[in-house]
Every structure is written in C-alpha cells, then in structure tokens.
Amino acid sequence: MLDSSLMLKGNIIYLRPLLLKDVNENYLSWLQDNEVMAGIATSGYTLENLREYVKEKTTSPTTSFFAICVLGSEEHIGNIKLDFHDRLANVSELGLLIGNKNYWGKGVGFESCNLLLKFGFDQLKLRKIYLAVYGNNTNAIRLYEKVGFRTEGILRKHVCVDGDYHDKYLMGIFKQDFAL
C-alpha cells in the first residue's frame, strides 16, 4: 500500500497513488475502447467490478499502483503499476495503460516507465522488473526496448485478439541495466 502523499514527478506527467475516486466513467471508457485494449488482456469490466479490482490492488502489499496525471492540469490519463512483488526473488511485474489516446506518442509512456523503474529499483530495492506484451502492440514493444527492457522469451501464437493469434513477449530489465 502506497503512502497517499507519494508523488513521482517528471517533465510532462507525474505519478501519484491511484485512488478509488479515480474509478469513474472516464476510466471505465478506456477499458471499453478496443484500440486502447488491443494489446492488453481484459475481462469485461463494469464500474462495480473495476472498483473492486482497484480496491484490491491499492490495498495489496505486493502492488504499487499509480495514476498517470498531466503536470499542470492534473488530468488522470492512465495507470502504471508494479504488481506481484515476489519478495524472495525480489522481482515485480510492470503494467502500463495510457487510456487517453490524446497523449499517445507524446513521451508519456517513456516518462512513466522511467519514473516507475526508478521507484522500483531505488525505493523498493527490486533487482529485476519484468512484463508481458502482445506482439500486436508494436508501439509498446518499442517503448519497452527504448526504456531498456530485453526480450527474455516469446510464447508463440499465445493470445487471441479479434480472432487473430499473436505472440506474447516476456521482457525484463535488471537494476544494473537501468540507466536514467
């Protein structure tokens, strides 16, 4: 569970703990947008079960869940998290969703990932952060490679999106390989 006063500030966005009040029709609309969700696993959220999911994640000792907000306007445009923190292996899984498409291609994903990696390695003392990304999400794959993630494995034709099968890439970054 994150300290509610925690804020990770970048040049164009900042990360703050995701709050239950952030769960609204706007957030839900991201999860119902086929373009936003094309490369992300989801299961038909309603406002009620989305609140339950966020409540579970924001109170979990193994999750650090942040809202991505625009500096100046404070507009909530997406979320990023470290999840499934394995204290024995000292690893955690990164998840990213930029729901407001007006901010795609503007460096938000890059800055969000760098802020979260710095938090994970410096504050949580993680040794490795990993993720999974679908092969049809080429922009995300390029982003993760730019941040420093390396492909560690590929599950071939593993996921189905709109009737097409895509590879699932498993990627990771070690603390010593993260340069910010």
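Predicted model: local features only at pLDDT ≥ 70, side-chain atom pairs only at ≥ 80, totals over all residues.

**Exercise 1.** Identify the residues that form one aromatic cluster with Tyr53, and describe the pairing of Tyr53 with Phe65.

*Solution.* Step 1. Tyr45, Tyr53 and Phe65 form one aromatic cluster.

Step 1. The centres of the Tyr53 and Phe65 rings are 6.3 Å apart and their planes are at 80°. Planes over 60 degrees apart count as edge-to-face, and the pair is accordingly assigned to that class.

Step 2. Tyr53 belongs to helix 3 and Phe65 to strand 3 (residues 64-70), so the contact ties together parts that are 12 residues apart in sequence.

Step 3. The relative accessible area of Phe65 is 6%; because buried means under 20%, Phe65 is buried.

Step 4. The charged end of Lys81 sits over the Phe65 ring, 5.5 Å from its centre.

**Exercise 2.** Classify the aromatic pair formed by Tyr27 and Trp30, and locate both residues.

*Solution.* Step 1. The structure holds six aromatic pairs. In the one formed by Tyr27 and Trp30, the centres are 5.4 Å apart with 40° between the planes, a tilted arrangement.

Step 1. Both residues lie in helix 1, three residues apart, about one turn of the helix. Tyr27 and Trp30 are both buried.

**Exercise 3.** Which element supplies the largest share of the lining of the largest pocket?

*Solution.* Step 1. The largest pocket holds about 1400 Å³ of space and is lined by 47 residues.

Step 1. By class, the lining comprises 27 nonpolar, 12 polar and eight charged residues.

Step 2. Helix 5 supplies the largest share, seven residues.

Technical notes
Residues numbered from 1 in each chain as written. Heavy atoms only, no water. 1 Å grid on protein atoms, 1.4 Å probe; cavity = no way out; pocket = protein on both sides within 12 Å on 5 of 7 lines; lining within 4 Å. Points joined across faces, edges and corners; volume = space filled by probe spheres on them. Helix = DSSP H or I, 4+ residues; strand = E, 2+ residues; numbered from the N terminus. Nonpolar A, V, L, I, M, F, W, Y, C, P; charged D, E, K, R; others polar. Phe/Tyr/Trp six-rings, centres within 6.5 Å; stacked < 30°, edge-to-face > 60°. Buried < 20%, exposed > 50% of the residue type's maximum accessible area, 1.4 Å probe, protein only. Lys NZ or Arg CZ within 6 Å of the ring centre and 35° of its normal.
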